[in-house]
Amino acid sequence: MLLAGGVGQRVGLATPKQLAEIAGKTIIEHSIAVFEDAPEIDEIVVLMTPGYTDRVREIVEKGGYRKVTKIVEGGASRTESTWRALQALGTEECDVLLHDAVRPLVEPRIITDCVRALRTHRAVNVAIPSSDTVFVAVPGPDGEVIGEVLDRSRLRRSQTPQCFKLSVIREAYERAFADPGFGSRPATDDCGVVLRYLPEVPIHLVPGSEHNIKVTHPADLQIAELLLRLAAGRPMA
Ligand SMILES: Nc1ccn([C@@H]2O[C@H](COP(=O)(O)OP(=O)(O)OP(=O)(O)O)[C@@H](O)[C@H]2O)c(=O)n1
Ligand SMILES: C[C@](O)(CO)[C@H](O)COP(=O)(O)O
């Protein structure tokens, strides 16, 4: 499931950032191509920003991406887009990988590791250690001050794909969307929903990559372009 339903407010382009062209293709096409080429993937469903599904259809047709079976409008938040993605799937048990379309540098190795891990685990996340010291900021007398420095050896940064047995992620989301309090404390990723609503399901971790960045801020467009060109053996002039 490629989650591409956002508007890219922080990047601040006139169109959603997943349609920005870098290293010869739109960001969403780079992401589609990685999953299309992955032998473990049977089917790709794209959740796209309302008003832009035809643009994705054009990209898919022009690029001949045969695994893309559905292009569906996303929701108002990331979790609502995931909820819609789950509704677009059937009832038969399967492995579901939920990936941010704006992480075009996901490596085939990560997809392989995730699918392999789903043979023995019902929920899997991709994570990397934190190279920065992370602390909790609290209000101070003149702005914020450091409240608590967290133990970095135990901290990880969450990436995507986030992967689940369909029955697990569906159950977690059904409970979340039935909870009147869910909207007031939204989850920032799918693992957060599983952790909150199915805490008995362990979420196994596989190593991510420093290159698997999420294009979030304007500078990320340049960094992603550079990394994509390097990966393709075409460094910038
Ligand atoms: N309603 C939404 C919001 C986000 N996403 C997707 O979730 C991924 C990660 O989200 P983020 O980087 O926050 O993207 P945006 O929401 O577009 O960015 P911003 O918050 O700056 O507007 C992106 O691929 C984005 O398209 C989605 O499918 N549906
Ligand atoms: C899912 C995610 O990419 C994991 O790091 C992240 O939580 C998405 O956050 P955003 O608020 O949509 O940028």
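1. Start with a helix pair: in H5, Val-168, Ile-169, Ala-172, Tyr-173, Arg-175 and Ala-176 meet Asp-190, Val-193, Val-194 and Tyr-197 of H6. Contact here means that the C-beta atoms of two residues, placed from the backbone, lie within 7 Å. Eight of the residues in this contact are nonpolar, none polar and two charged. The classes are nonpolar for Ala, Val, Leu, Ile, Met, Phe, Trp, Tyr, Cys and Pro, charged for Asp, Glu, Lys and Arg, and polar for the others, Gly among them.

2. Before going on, the ground rules. This is a predicted model, where local features need pLDDT of at least 70 and side-chain atom pairs count only at pLDDT 80 or more, while totals for chains, interfaces and linings use all residues. Residues are numbered from 1 along each chain as its sequence is written, and chains are lettered from A and ligands numbered from 1 in the order in which they are written.

3. On confidence: the chain has a mean pLDDT (the predictor's per-residue confidence, from 0 to 100) of 96, with 99% of residues at 70 or more. For the complex, the predictor gives an ipTM of 0.98 and a pTM of 0.97.

4. Back to the helices. The axes of H5 (residues 166-178) and H6 (residues 190-197) come within 9 Å and cross at roughly 75°. Axes are lines fitted to C-alpha atoms, for helices over the stretch in contact, with angles from 0 to 180 degrees between N-to-C directions. H5 and H6 are therefore roughly perpendicular, a label for angles of 65 to 115 degrees; under 35 is roughly parallel, over 145 roughly antiparallel, and the rest oblique. Helices (H or I, at least four residues) and strands (E, at least two) are DSSP runs, numbered from the N terminus.

5. Which residues come nearest to ligand 1? They are Gly-5, Gly-6, Gln-9, Arg-10 and Ser-81, out of 21 around ligand 1. Strand E1 (2-4) and helix H3 (78-87) are the elements giving two or more residues to that shell. The shell has seven nonpolar, 10 polar and four charged residues. A residue counts as near if its C-beta atom, placed from the backbone, lies within 6 Å of the molecule or strand.

6. Gly-5 sits in the loop between E1 and E2 and is buried, with 26 other C-beta atoms within 10 Å. The cut-offs are 20 or more such atoms for buried, 12 or fewer for exposed, and partly exposed in between, again with C-beta atoms placed from the backbone. Beyond four places in sequence, Gly-5 touches Leu-47, Met-48, Thr-49, Gly-74, Gly-75 and Ser-81.

7. Around ligand 2 you'll find Arg-78, Asp-100, Ser-158, Gln-159, Thr-160, Thr-188, Asp-189, Lys-214 and Thr-216. By class, that shell has no nonpolar, five polar and four charged residues.

8. Most residues other than glycine have a negative phi, and most peptide bonds are trans. The Thr-160 to Pro-161 bond is cis, with omega near 10°, and Pro-161 lies in the loop between strands E10 (156-158) and E11 (162-165). Ala-23 has a positive phi of about 50°; Ala-23 is in the loop between E2 (21-22) and E3 (25-26) and is partly exposed, with 18 other C-beta atoms within 10 Å.

9. Finally, Gly-90, in the loop between H3 and strand E6 (95-100). Gly-90 counts as exposed, with 7 C-beta neighbours inside 10 Å.
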